[in-house]
Amino acid sequence: MNLQIKLIRRGFFPKGGGEIEAQVQCLGSGESLPAFDHTERGQLSSIHVKAYAAGRLAAQGVAEVMATTATKELYRLLGPAANPQGSIPPITQDSIRESKEMAFGEGGGCIVTAATSSGCLLGAARPLERGTPPEATAVIVAGELAAAIESGACVDAQMQDQLIVFMALARGTSRLRCSPLTLHTQTAMAVAQQLTGCKFRVTTHHGGPAGSLTEQWMLECDGIGHLRQ
């Protein structure tokens, strides 16, 4: 799939008003999505922190606080002191003060991503909620990304269930190496099987002990090869 997304304007709860522009390259007539094999994690190649704020929060330097805090927390969780046997790439960061043209209302958020040599992309994100200090938001997001990295999985917990529909509709058998299945993923699998007749298989994989955050699972799906009309 070829998908391009452009942020037109951010919006914040409760007013909303955000806008994105998405372009998706369609399959040709009679074509189906190909199955995928997402089982090789590879080595970490980059880690990036991005924080943004709009309105009065931008003037108060909230984005800068979140970016700096998340970066420090990631180094604490993943650096040599926490993981003497491994190493991580330098962590880059951006802090953005959104203009009135790029954001409607007042708010902020923090996004952290990690890419690997095999093309895996792990991430975590959280909007800044009223009453929650920006430092706390940044620490939570950093912790979620660190957990995804340490799990050894090829996708983070939030992406897991988003891939189910593609596995169900694809032609052939798709494979995904992931952490223990979330309730969202289990629900998506049950619905997809009922609606399409696809077949899912789940097996434990090498990793941490059963029930731990580093336990790895192999999720397979025999897709139905749905054809575009």
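Modeller: Let's begin with "contact": two residues are in contact if they have heavy atoms within 4.5 Å of each other. Keep in mind that this is a predicted model.

Biologist: Okay, among contacts between residues at least 6 apart in sequence, what share joins residues at least 24 apart?

Modeller: It's 69% of them. The chain has 229 residues, and 37% of those count as buried. Its C-alpha atoms fill a box of roughly 55 × 45 × 30 Å along the principal axes.

Biologist: What is the chain built from, in helices and strands?

Modeller: There are six helices and 11 strands.

Biologist: How do you know how many disulfides the structure holds?

Modeller: You check the cysteine sulfurs, since a disulfide needs a pair of them within 2.5 Å. The structure holds zero disulfides. Take Cys221: the nearest cysteine sulfur belongs to Cys198 and is 4.1 Å away, so by the 2.5 Å cut-off Cys221 is in no disulfide.

Biologist: Why is Cys221 called buried?

Modeller: Buried means under 20% relative accessible area. Cys221 is at 0%, so it counts as buried. Cys110 has 1% relative accessibility, and therefore it is buried too.

Biologist: And Ile91, is that one buried or exposed, and what makes you say so?

Modeller: Its relative accessible area is 10%, which is under the 20% limit, so Ile91 is buried. You'll find Ile91 in strand β5, residues 91–97.

Biologist: Which residues does Ile91 touch, leaving out those up to four places away in sequence?

Modeller: Ile47, Val49, Thr71, Leu74 and Tyr75. Ser179 is another story: it sits 88 residues from Ile91 along the chain, and their C-alpha atoms are separated by 24 Å.

Biologist: Now the sheets. How do you know that β1 and β2 are paired, and which way do they run?

Modeller: Pairing takes at least two bridges between the strands. β1 and β2 are joined by six bridges, so they pass that test, and they run antiparallel. One of the bridges links Ile5 to its partner Ala22 in β2.

Biologist: One last thing: which kind of peptide bond joins Phe13 and Pro14, cis or trans?

Modeller: Cis, with omega at about 5°. Most peptide bonds are trans. Look for Pro14 in the loop between β1 (3–11) and β2 (19–24).

Terms used:
Residues numbered from 1 in each chain as written. Predicted model: local features only at pLDDT ≥ 70, side-chain atom pairs only at ≥ 80, totals over all residues. Heavy atoms only, no water. Helix = DSSP H or I, 4+ residues; strand = E, 2+ residues; numbered from the N terminus. Buried < 20%, exposed > 50% of the residue type's maximum accessible area, 1.4 Å probe, protein only.
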